[in-house]
Amino acid sequence: MVETRSNLSIRYGAAKSVFMWHFLNKRLPLVLVSEFPKSGGTWFCQMLSAALQIPFPRNVAPKFEESIMHGHFPYHKNFNNILYVVRDGRDIMVSAYYYMLKITPGANNDRALKYRKNLGFDDIDNIEEKLPKFMEYFMENYTVLGKRTTWQDHIKLHLHN
């Protein structure tokens, strides 16, 4: 999917989503879906939206109405109607490998180019050889909401709350 929104529009939509998630989740009929990135949360939200016939504002600023909200926030007791999507960490690594390293014609490939440069990858076709190096890099450098977070740490945050 090629991004067509301005940076300002993207930031506005993200800020509005965070505000609604944290401050309006009990006032509005919101369903909160959290996940470690690349766990299938977006796909789950799309299916949930279709099944419940509730809007899922993906890549747009949400409206102040009943909707499904998607994020990577750790559980908090003040959240209402929250679902947590869990996916096997090995599957996440394969998904993240292709998501973060694939060059897509016509898309902004800055992230893929940065990751490829940092890893010394010219191509990504030999996954058996390159996936272990990617996994090590990912686990040492990946951040969720600005903090270095591993899949295990994210899961533990949800299990203990």
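Val33 is buried, with a relative accessible area of 0%; buried means under 20% relative accessible area, exposed over 50%, and partly exposed in between, using a 1.4 Å probe and protein chains only. This is a predicted model, in which local features need pLDDT of at least 70, side-chain atom pairs count only at pLDDT 80 or more, and totals for chains, interfaces and linings use all residues. Residues are numbered from 1 along each chain as its sequence is written, and side-chain values use heavy atoms, with hydrogens and water left out.

Val33 lies in strand β1. Helices (H or I, at least four residues) and strands (E, at least two) are DSSP runs, numbered from the N terminus. What does Val33 touch, not counting residues up to four places away in sequence? Its contacts (heavy atoms within 4.5 Å) are Trp21, Gly41, Phe44, Cys45, Leu48, Ile68, Met69, His70, Gly71, Leu83 and Val85. Take Val85: the C-alpha atoms of Val33 and Val85 are separated by 7.2 Å, although the two residues are 52 residues apart along the chain.

## The three-stranded sheet

Now to the sheet itself. Three strands form an open sheet in the order β2-β1-β3, and the pairing is parallel; two strands pair if DSSP finds at least two bridges between them. The edge strands are β2 and β3 (82-85), each of which pairs on one side only. On average, neighbouring strands of this sheet are turned by 20° against each other, direction ignored. Such angles run from 0 to 180 degrees between N-to-C directions, and axes are lines fitted to C-alpha atoms, for helices over the stretch in contact.

Strand β1 (residues 30-35) pairs with β2 in the parallel sense over five bridges. Along this pairing, Val31 stands opposite Ile68 in β2, and Ser34 stands opposite Gly71 in β2. Is strand β2 (residues 67-71) largely enclosed or open? Four of its five residues are buried, so β2 is largely enclosed by the rest of the structure.

## Helices on the sheet

Which strands does helix α1 (residues 7-23) touch where it packs on the sheet? Helix α1 touches β1, β2 and β3, and its direction makes about 105° with that of β2. Helix α2 also packs on the sheet, touching β1, β2 and β3, with its direction at about 155° to that of β1.

Two packed helices are described by the angle between their axes and the distance between the axes. Helix α3 and helix α5 pack at an angle of about 90°, with their axes 10 Å apart. They are therefore roughly perpendicular to each other; angles under 35 degrees count as roughly parallel, over 145 as roughly antiparallel, 65 to 115 as roughly perpendicular and the rest as oblique. From α3, Met93, Val94, Ala96, Tyr97, Tyr98, Met100 and Leu101 meet Ile127, Lys130, Leu131, Phe134, Met135, Phe138 and Met139 in α5.

Helix α5 (residues 127-141) also meets helix α4 (residues 110-119): their axes come within 11 Å and cross at roughly 105°. This pair, α4 and α5, is therefore roughly perpendicular too. Tyr115, Asn118 and Leu119 of α4 make the contact with Lys133, Phe134 and Tyr137 of α5.

## Tyr99 in helix α3

Tyr99 has its place in helix α3 (residues 89-101). At 43% relative accessibility, Tyr99 counts as partly exposed. Leaving out residues up to four places away in sequence, Tyr99 touches Lys38 and Arg111. Tyr99 and Arg111 are 12 residues apart in sequence and 9.6 Å apart in space, C-alpha to C-alpha.

## Salt bridges

How many salt bridges does a search of the whole structure find? The search finds two, a salt bridge being a side-chain nitrogen of Lys or Arg within 4 Å of a carboxyl oxygen of Asp or Glu. One joins the side chains of Arg90 and Asp88 (2.6 Å, N to O). Arg90 is exposed, with a relative accessible area of 64%, while Asp88 is partly exposed at 33%.

Asp123 forms a salt bridge with Lys130, with the closest N and O atoms 3.8 Å apart. Here Asp123 is partly exposed, with a relative accessible area of 35%, whereas Lys130 is buried at 12%.
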